[in-house]
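Please keep the structure open while reading.

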Amino acid sequence: MMIQHRNLALDILKFFAVILITNSHFDNQYVYAKGLATGGAIGDALFFFISGYSLFLGRMGRFDNWYKRRIRRIYPSVFALAIVTSMLHLTGYDMIHVILYGGDWFVSCIMLYYIVLYFIRRHFVEHLNWCYAAVAVILLIWYVAFYNHDNYIYIYKDTYIKWLFFFFFMLQGAQMGWREHNGAAVEITNAKRIAALLITNIFLFYGIQLFCRHFWHYDWLMITTLIPLGYICLNFYRLCSLERFKHYFETTKVGWAMGAIGGLCLEVYLTQPFVRTTAINNLFPLNLIIIFVGILLAAYIVRAFGRFFQQTFSSEDGYQWKEILKVK
């Protein structure tokens, strides 16, 4: 049996994923600075990286039992969201729609990724480079097939092509987790060098996008942003793996708060569309803080209700209220 040791770097990474994903959806809340509502692609990539890392360390077993554990992790919160939004009339969609599409594209996408990752770990764990190559070939074929100047594809928006390329980052996390499980150390030189590499790749990631938008004849180069995005994930993880940051995370109240927010990552993803509002835009920039706190509160309620829902149907034992209501 595999023994999992808690990796604090992943907990820290979750916090940054929450912040980036939430910020990217504040288009209508950044009243005078809409360009600051960004970072969603990086946050998504980080979340998939974390998910892939964790998946390659857990126990395997038969596929149906393995997949059931993934459903038990994701869907109690999705069901809770559907019930809460229906009770409070927070959405124009019915409960079935929320269950199927709650969390927008993300839930459906990650449930498909789980299936592929299971078979990769079962049969190709020693050949992950071939898996990267296969995904790259399929992605390039798909990208070329749908690309033309009149129907320009912005790959990080509402397009199915991102359902394929985000798999790279889940595979990247899986490979990192598998390597570390087998004794490979995280490659860390020093904080300044890692931070410099991270910042450089962030500039490259956004620089290529700006170039493609201004020089539309070269907009096909947008696909190359996946390269710096991969290095962003890698160096973000390395930075969070530094002992000084992990010590700070473990021993301070700020670190505790970061852990609590990161622990709500899935629920924040699910609940934010129902909490965001333009009704208090006159308070800008205070509206951003108020809405973010509201999202965290809604996420906590959904997670607690999800745990209640799960315990109701998982056994005949009494409720474990401390487990249901715990913050972190």
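## Terms and basis

Buried means under 20% relative accessible area, exposed over 50%, and partly exposed in between (1.4 Å probe, protein chains only). The model is predicted: local features need pLDDT of at least 70, side-chain atom pairs count only at pLDDT 80 or more, and totals for chains, interfaces and linings use all residues. Numbering starts from 1 along each chain as its sequence is written, and side-chain values use heavy atoms, without hydrogens or water.

## Helix H5

The buried residues of H5 include Trp105, Phe106, Tyr113 and Tyr114. Among the elements covering them are helix H2 (40-55), helix H3 (63-87) and helix H6 (128-146).

## Aromatic pairs

The whole structure holds 39 aromatic pairs. Rings of Phe, Tyr and Trp (its six-membered ring) pair if their centres lie within 6.5 Å; planes under 30 degrees apart are stacked, over 60 edge-to-face, the rest tilted. Trp66 and Tyr114 pair edge-to-face, at 6.4 Å and 90 degrees. Trp66 sits in helix H3 and Tyr114 in helix H5, 48 residues apart. Both Trp66 and Tyr114 are buried.

Tyr75 and Phe79 have ring centres 6.0 Å apart and planes at 50 degrees, so this pair is tilted. Both lie in helix H3, 4 residues apart. Tyr75 is buried at 17%; Phe79 is partly exposed at 29%.

Conventions. Helix = DSSP H or I, 4+ residues; strand = E, 2+ residues; numbered from the N terminus. Contact = heavy atoms within 4.5 Å.
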